[in-house]
Amino acid sequence: MAEGIGIEIRNLYKIFGPDAARLVTQVQQGMTKAELNERHAHVLGLRDISISMPAGGIQVIMGLSGSGKSTLIRHINRLIDPTAGEVLVGGEDVVKMAPEALRQFRRHKTAMVFQKFALLPHRNVLENTVYGLEVQGVSRAKQVEAAMTWIERVGLKGYETKYPNQLSGGMQQRVGLARALTNDAPILLMDEAFSALDPLIRVDMQTILLDLQKDIRKTIVFITHDLDEALRLGDQIAILRDGCMVQQGSGQEIVLKPADSYIESFVEHVNRGKVLRLGSVMEPGGSEPDLPQLSDQLLLADAARAMMHSGAARFAVTNAAGQPVGQISVAQVNQALYG
Ligand SMILES: Nc1ncnc2c1ncn2[C@@H]1O[C@H](COP(=O)(O)OP(=O)(O)OP(=O)(O)O)[C@@H](O)[C@H]1O
């Protein structure tokens with residue numbers, strides 16, 4: 001199986017309009033999106049974006065409508081050419097690829113899962129799932145073997161001969177996921193992939209993806225405008241506004257240290273008890289002897305419950321190896337929960 005490869009985006013700019021190449025210098029020197037629009041009738045899509053997406057991780061790109069999320073993800077398989085900057089995938093600059101190399105790259109290194117599923121209506125589940133391998137010219141036996149594996153893994157065994165219009169939205173998106181995984185590309189690009197689903201189905205799909213990712217370890221780039229989804233899925237989260245990067249970091253960092261009032265307004269309604277982990281809010285270092293122990297991975301809501309049952313006031317916080325890495329009091333947990 002093809003495990004993920006790293007993606008490195010460096011100083012990426014995208015200006016939409018015929019004179020972009022000339023105007024980018026002025027944007028690099030500070031011309032605003034509004035000025036570019038008013039004076040030159042060009043649209044600033046992205047400004048100076050740099051992100052390092054580690055191999056095998058889930059990188060979430062978040063932001064409101066029009067912030068540049070789709071523009072950014074489309075640079076990774078070069079559906080969009082940048083005005084300036086580099087997009088390195090597995091060390092190779094996608095922007096410099098010749099047409100044939102680019103075609104091979106798209107076919108073998110990337111797979112996409114779309115918000116609107118994009119299934120072929122006249123093909124059944126199996127035939128939709130084998131599609132990518134069919135295009136690659138893989139033998140029919142291998143196509144079916146791979147497709148059946150992933151159809152089963154996404155929970156669709158027994159539905160192989162159903163057609164898309166016989167399936168619910170959630171099941172159609174399972175097909176979308178099985179199809180993408182059957183391609184066995186190291187990179188999975190997911191543009192608002194779960195946004196069209198009902199809330200409970202959406203959470204189910206997130207669970208399926210997280211379970212699968214423990215085995216497949218692809219590099220997943222996941223676009224969403226939903227903070228809960230971002231916090232659940234993202235090993236790293238990047239937040240865009242008006243084409244600019246406002247903050248990058250882990251979900252824990254973003255909730256605990258929002259970079260500005262824009263991000264604060266995103267995170268203020270987060271259920272901190274279900275997002276923050278003890279290890280993120282403890283006093284790091286050693287711990288006093290003989291304290292009762294709690295895991296650094298505990299969610300604060302669970303930690304608060306465990307503390308209440310224990311009756312102690314202070315606790316040692318331990319890592320996966322059971323070693324103390326810090327300590328925390330009931331008051332500190334309450335402070336982190338309620339501010
Ligand atoms: N082909 C294009 N020509 C001109 N402007 C464009 C083009 N594509 C995108 N834009 C502009 O670039 C900016 C970023 O758009 P983009 O679609 O990447 O945002 P988004 O965050 O994905 O939004 P949404 O959540 O609505 O899809 C917007 O101002 C948009 O109008």
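This is a predicted model: local features need pLDDT of at least 70, side-chain atom pairs count only at pLDDT 80 or more; totals for chains, interfaces and linings use all residues.
The residues that make the contact are Leu300, Ala303, Ala304 and Met307 on the α15 side, and Val330, Val333, Ala336 and Leu337 on the α16 side. Classed by type, this contact between α15 and α16 consists of eight nonpolar residues, with no polar and no charged ones.

Two packed helices are described by the angle between their axes and the distance between the axes. Here α15 spans residues 300-310 and α16 spans residues 330-338; their axes come within 10 Å and cross at roughly 150°. Angles over 145 degrees count as roughly antiparallel, and α15 and α16 are therefore roughly antiparallel to each other.

## A four-stranded sheet

The model also holds an open sheet of four strands, with mixed pairing and the order β11-β14-β13-β12. Its edge strands, β11 (283-284) and β12 (293-295), each pair on one side only.

Strands β13 (residues 314-318) and β14 (residues 324-329) run antiparallel and are joined by five bridges. Within β14, Ser329 is the residue that stands opposite Arg314.

## The ligand surroundings

The shell around the ligand is formed by Phe16, Val43, Gly45, Gly63, Ser65, Gly66, Ser67, Gly68, Lys69, Ser70, Thr71 and His225. By class, two of these residues are nonpolar, nine are polar and one is charged.

Two elements, β2 (43-53) and α3 (69-76), each supply at least two residues of this shell. The largest share, three residues, comes from α3.

Terms used. Residues are numbered from 1 along each chain as its sequence is written. A residue is near a molecule or strand if its C-beta atom, placed from the backbone, lies within 6 Å of it. Ala, Val, Leu, Ile, Met, Phe, Trp, Tyr, Cys and Pro count as nonpolar, Asp, Glu, Lys and Arg as charged, and the others, Gly among them, as polar. Two strands pair if DSSP finds at least two bridges between them. Axes are lines fitted to C-alpha atoms, for helices over the stretch in contact, and angles run from 0 to 180 degrees between N-to-C directions. Angles under 35 degrees count as roughly parallel, over 145 as roughly antiparallel, 65 to 115 as roughly perpendicular and the rest as oblique. Two residues are in contact if their C-beta atoms, placed from the backbone, lie within 7 Å.
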